Amino acid sequence: MPGERMGKLLVGALLLFLVLLPLFSGRYLPYVVVQILVLALFAMGFNLLLGYTGLLSFGQAGFFAIGAYACAKLLLVVPSLPLGVAAGVLAGSLAAAFLGVLCVRHTRIYFSMLTLSFGMMIYSLAWKWREVTGGDDGLVGIPRAPVGIPGLFEISMGPMTHYYYFVLAVSVGAILLLRRLVRSPFVLILKGIRDSENRACFSGIPVRKYKLTAFVLAGAYAALAGSLVPPLESTVTPPLAHWTHSAEPVLVTLLGGIYSFSGPMVGAACFYLLKDFIVRFTQYWLICFGSIIVILVLLFRGGLVIFFQEKVLGFLGAKTARGAGRG
Amino acid sequence: MLEKLVFQGLIGLNLAMYLWLLSAGLTLVFGVLGVLNFAHGSLFMLGAYLAFTFYGKLGLSFGVSVLFSLAGVGLIGAILERFFFRRIYNLEVPYQLILTFGFILIFDDLVKMVWGGVAMIPPMPAFLDGSLLVMGRPFPVYNLFIILFGIAVALFLWFALERTWWGRTVRASAFDREMASAIGVDIPRIFTLVFVLAAMLAALGGALGTPVRVVAPGIGTAMIIQAFVITVIGGLGNLKGAFVGALIVGVLTAYGILLFPVFELFIIFVVMGAVLMLKPEGLFAK
Amino acid sequence: MARGITRRSLIKGTVAGGVVLGTGLGRVSMGYGKPAKGKEPIRIGGQGATSGAHADYGWQMMAGATLAIEEINAKGGVLGRKLELKFMDEELKPATAVKNARYLVTDWGADFLFGVDSSGSAMAVGPVLPELNKLCFFCHAATHRLTEELVAEKGIKQIFRMVAPVYQDALAAWAFKDASNIKRWAGINCDYEYGYVAWNLFKQTMKKFRPDVEFVAAAWAPFWTMDFSSHISAVMAEKPDGIFATPWAGEGVMLLRQALLLGVFDKIQVWWQAMGGSVDLLEGISREVEGNKFQGKLWATARYIHNYPDTPENKKFVEAFRKRWGKFPNYSAESSYSSIYAIKAGVEKAQSLETAKVAAALEGMELKTPAGPRLIRKEDHQALYTVPAGKVMKTPDYPIPVLGDLKVVPAKDYFRNPPFEPVAATK
């Protein structure tokens, strides 16, 4: 199919562009891309719950923060970036498994409220448990530790460019993994649960076990995103766990579109660049942002990806648009 | 010790009344319209700003200012419902939440544009100034007034919803929208009215708070999460539950500060989580 | 949803993302890359809280810096180059503050940074500065750790703090050490680091002067407390003689108003409102001060007070600020104004914009500022200047309350001095 080949070509071009980016851009753009990738991973994990399983979590920032704090704690003791990230993902997944058992028994708004309350518990812990979390000032002076095997080789992560490639590699890996997963029977069952939980139940599917797995995966992706932050900024602070931060993946995913794999990624890029752009020109950025959200919900409900597929590509050529209607 | 506890309890009761006025509208809108409104706190804030303008700036009497503020926020509520919320009743929850989240941002900035960023506080109305001795310590007349007023509002709402024709219609449309519509209830009109009522309740809380609490951008967002907790404890959509939930949170907060000041923020969310896990329909589900 | 569709949407989504990113790139790189040499302006990037409940603090910071830049540009700029300002919202969020700093330096091309309201944001921006290698002049964030840990201990020379830190709160002990009738102190404090350290510094210093004093109660109010009645009534239950309170800005106004309602001022001897000398707080309680509701028992300090010192520089600054903005300057305005002049002095002495050279030029320099002479201490890059404590009162000279009956203690006495002993940052 020519459309698909063109698409593949464009994905390749985008990747090539990202790989070459630090060679010709200033210092700021790679930093922005790292932030976008972090947000994209956060949102893609979240969408496994929202788009594929039909569960709206309002406490994902809790797992993001656990990943960030765990990674920071480890890096302060052992200077190894891969170990730090692994610790973050592990801690986030364990927390998600534990809280998930309690959450997945509930559906709809009760699920959302329960995740909100757990997220805020994690936030208050980060704020109050000073001995471990550093309280409101958070943990400071986290090193951007090197990647390597002791005694064999070691790559310094000091320069931003090196860290940029590390995050890019990790993100591409994580996204490919998720793409495989999305094409597996596992996700088909999740969608079945989303569309009709009762029917799934009657077919003998252990619904809760599936939901729990999705919850843990979403938590792991949130924690992975979170664990990429402390080496970047050398600080972690409680606002990472606040409910307003939990709103970000929701926003980003809706912006990009919940029923497409790439929706959260596109949403993350648009969200970040948009905000970055607006705050440069006005101190009244909240009102601009709020208005955009309102317009989005009222007019572009399917998300940008679907809008792009239907309207832009549809306009360019009927051939490409055919079949992409629902996504 | 007993006098300390009684006094602190009264303080908590006063705190609870503001929370009640805020949660009442939140739970009402959820119960009838089915939307969880993050921006409900912004209506509380707008109520405070309007009351401050009429009373503190233009020098109208306190009572008249509160009424004007209710009218103003009621109008804003009507516009919000008619032109925005009405379009999202049939959408999925995430869209509803995010739309209301958008309005939080808009209102926070609007308020800053109109009134500036400085926190403001008007004088205490003369007829409510002063204090009474309770357990040998001075207790403000204003707090007493708030406690009585909050209870009065609760009674009024109970009467309006349980004992009037209008209340029955509202309950019927909350219970089954299509059935109510089939027997001739004008659902869109009921929805607008309920939303306006909820907006006015929030505004009432904000307006009554002006002489003792500051008026500043973001005061609504600061309280909305507490209102969520209360609404959950009482059961989403349950008005009586919201009243009791507000009392619990208000009094717990006051005693928490007196007795175990370290973890009071944490406790509230533990209570919320526990209720959701053990009795998700709320403590007062029938 | 079939598999093929998912893949197609992946591909097309990526295309959409690429388009967005591509246009983003075009835009982002537009402002960047111009060499800031020759007659190009010197770029100064600032940030403060300009949204939310403390929006006025960020606004004041922006206003003070704007005034200084306008004055300097009117006189020909610095080294013949004009100054240019960009000011951003830090939202009191550390992550936003770091992003702003990175944007300002690596994209907009800032030569100097200043501002930052929250301590958390300052502690997050500080460690990034060596990587950005630009000087940042902090104008509000009060945490002692910024200068004690990051500068004196870790040697981050890019940090300068132009404003009095939490040390200012220990002044209460100096102000009341001789009041023998005040034996029982209670605290109503912010439930975050600033509150803990302020309360501990006060207790430490007070104990040194007065071993007989007792600290009978402490209540802790988290950020965004809307009702302090519970806190007030909890500490009043212990019948204190004096109250030490740290909530600031709108929270401070609310706290004082609610304390009046609860009849606190009939029972105590003195109330210390740490940052009560800030203009927004003084305005907020103007009516009560005029009506003598506080019965002369309310004391305060700030990080600068508009009626001190009585010098031509200060009078000129306050008048210029009022003329430009129609308001009185608070401490964040004064410190951002002085920061801009510090940049000017440093660059002119170093005859260069190079970070290391300007930093070296500023170390040990004494500047003439509206708040009086400011000495930039070499060891920790903390500016030393004296701000007195005083009774909140109304005088005919000013439309808003001022601090009177001033108690002036030299900054070198009540500031902490290197080498620093650790201070507990816990309740």
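Two strands pair if DSSP finds at least two bridges between them. The model is predicted.

**Stop 1: chain C as a whole**

Select chain C. Its secondary structure comprises 16 helices and 15 strands. Along the principal axes, the C-alpha atoms fill a box of roughly 75 × 65 × 45 Å. A compact globule of 427 residues would have a radius of gyration near 22 Å, and the 23 Å of chain C agrees with this. Color by burial next: 62% of the 427 residues are buried. Now turn to contacts with a separation of 6 or more. In chain C, 72% of them join residues 24 or more positions apart.

**Stop 2: the sheet β11-β12-β13**

Stay in chain C and select strands β11, β12 and β13. These 3 strands form an open sheet in that order, with antiparallel pairing. The edge strands are β11 and β13 (383-384), each of which pairs on one side only.

Zoom in on β11(C), residues 366-369. Which of its side chains are buried? Leu367(C) and Thr369(C) point to one face and are buried.

Step across to β12(C), residues 372-376. A hairpin of 2 residues connects β11(C) to β12(C). The two strands run antiparallel and are joined by 4 bridges. Pick Leu367(C) again: opposite stands Arg374(C) in β12(C).

Move on to β13(C). It pairs with β12(C) over 2 bridges, in the antiparallel sense. Here Leu375(C) stands opposite Leu384(C) in β13(C).

**Stop 3**

Center on Phe138(C). Leaving out residues up to four places away in sequence, it touches Val116(C), Ala122(C), Leu146(C), Ile159(C), Phe160(C), Arg161(C), Met162(C) and Val163(C).

Zoom out to the largest nonpolar core, which has 372 residues. Phe138(C) is among the residues with the most contacts inside this core, along with Tyr221(A), Val194(B) and Ala203(B). Which helix gives the largest share of the core? Select α2 of chain A, residues 28-53: it supplies 20 residues. In soluble globular proteins, nonpolar side chains tend to be buried together.

**Stop 4: where chain C meets chain B**

Show chains B and C together. The contact takes 30 residues from chain C and 34 residues from chain B. On the side of chain C, highlight α2 (55-74), β7 (214-221), α9 (229-236), α10 (249-261) and α11 (279-284), the elements that give two or more residues. The largest share, 7 residues, comes from α10(C). Color this side by residue type: 15 are nonpolar, 10 polar and 5 charged.

**Stop 5: chain B**

Trace the elements from the N terminus: α-α-α-α-β-β-α-α-α-α-α-α-α. The C-alpha trace spans about 60 × 50 × 35 Å along its principal axes. For 286 residues, a compact globule would have a radius of gyration near 19 Å, and chain B agrees at 19 Å. Burial coloring shows 56% of the 286 residues of chain B as buried. Of the contacts in chain B with a separation of 6 or more, 77% involve residues 24 or more positions apart.

Notes. Residues numbered from 1 in each chain as written. Chains lettered and ligands numbered in written order. Predicted model: local features only at pLDDT ≥ 70, side-chain atom pairs only at ≥ 80, totals over all residues. Contact = placed C-beta atoms within 7 Å. Nonpolar A, V, L, I, M, F, W, Y, C, P; charged D, E, K, R; others polar. Rg over C-alpha atoms; globule rule 2.2 N^0.38 Å. Buried ≥ 20, exposed ≤ 12 C-beta atoms within 10 Å, placed from the backbone. Core = buried A, V, L, I, M, F, W, Y, C linked by C-beta atoms within 7 Å.
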